[in-house]
Amino acid sequence: MIRSRSSRIAARTMRHAAIAITVATLAAASYATGGAADSPATNSPYAGQENRPIKSLSAEDLAELRRGGGWGLARAAELNGMPGPAHLLELKDQIPLIADQATAISAIFRDMRAAAIIEGERLISREEALETAFRNGSVTDRSLQGLLSDIGEARTALRYVHLAAHIKTLPLLTRDQIARYNVLRGYAGDPCANPPEGHDASMWRKHNDCD
């Protein structure tokens, strides 16, 4: 009986020792990694964005909107064969554009940029209102719906400005110029390997500096 009791005590002692060793090992590992268990996640895609004045807009976003930049809003046109005025003017010598075309496209670009700056500022102000409501804790379900509706309207108006400019620009271009634009922008693959249908292959290769 005494021997059995001693065995039980010894077994408990060994278990307690094993637990203590495990706890000490985990604590040492945590210390060695800088207390990772208690550290904030460092792989969050939002890390650092808490310092933005408007959390939903980066400094780059704000700069792009305030200068009337495209902000990626015209991709539906740009990637479906409808060039935009800004990039056409950048590539006017390679396309090439004639003087009258460049003048007309420049006018479209100026009007687009002026309108985009106005609508971009409106979108920024709407996002700022949403930011303020959440920062102050004053947002409610009802007010949130109104804030998001205002943001949606501003974003739609801005997107319209950019897409409409592509529509206005298209009639000013020839099919060859549109094809050349898509090549220069990297949308049409290798121009030397794939001359557009209806073009003389040798002339196409010559015009695109293939030989």
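I started with the largest pocket: 23 residues line it, and Gly69, Gly70, Trp71, Ala86 and His87 lie nearest its centre. For me a pocket is an open set of points on a 1 Å grid over the protein atoms alone, where a 1.4 Å probe fits, with protein on both sides within 12 Å along at least five of seven lines; lining residues have an atom within 4 Å of a point.

Before going on, I noted that this is a predicted model, where local features need pLDDT of at least 70 and side-chain atom pairs count only at pLDDT 80 or more, while totals for chains, interfaces and linings use all residues. Numbering runs from 1 along each chain as its sequence is written, and side-chain values use heavy atoms, without hydrogens and water.

I looked up the volume next and got about 400 Å³ for the largest pocket (the space filled by probe spheres set on the points, which are joined across faces, edges and corners). Its lining takes at least two residues each from H3 (75-78), H4 (85-90), H5 (99-136) and H6 (141-169), and H4 gives the most, with four. Helices here are DSSP runs of H or I, at least four residues, numbered from the N terminus.

Trp71 has a positive phi, near 60°, although it is not a glycine. I find Trp71 in the loop between H2 (59-66) and H3.

Then I went to the loop between H4 and H5, where Pro96 is found. The peptide bond from Ile95 to Pro96 is cis, omega near -15°.

Just after H5, Gly137 takes a positive phi of about 75°.

Last, I took H5 against H6: the angle is about 165° and the axes are 9 Å apart, with axes fitted to C-alpha atoms over the stretch in contact and angles running from 0 to 180 degrees between N-to-C directions. The pair is therefore roughly antiparallel (over 145 degrees). Their contact divides into 19 nonpolar, three polar and eight charged residues.

Methods
Angles under 35 degrees count as roughly parallel, over 145 as roughly antiparallel, 65 to 115 as roughly perpendicular and the rest as oblique. Ala, Val, Leu, Ile, Met, Phe, Trp, Tyr, Cys and Pro count as nonpolar, Asp, Glu, Lys and Arg as charged, and the others, Gly among them, as polar.
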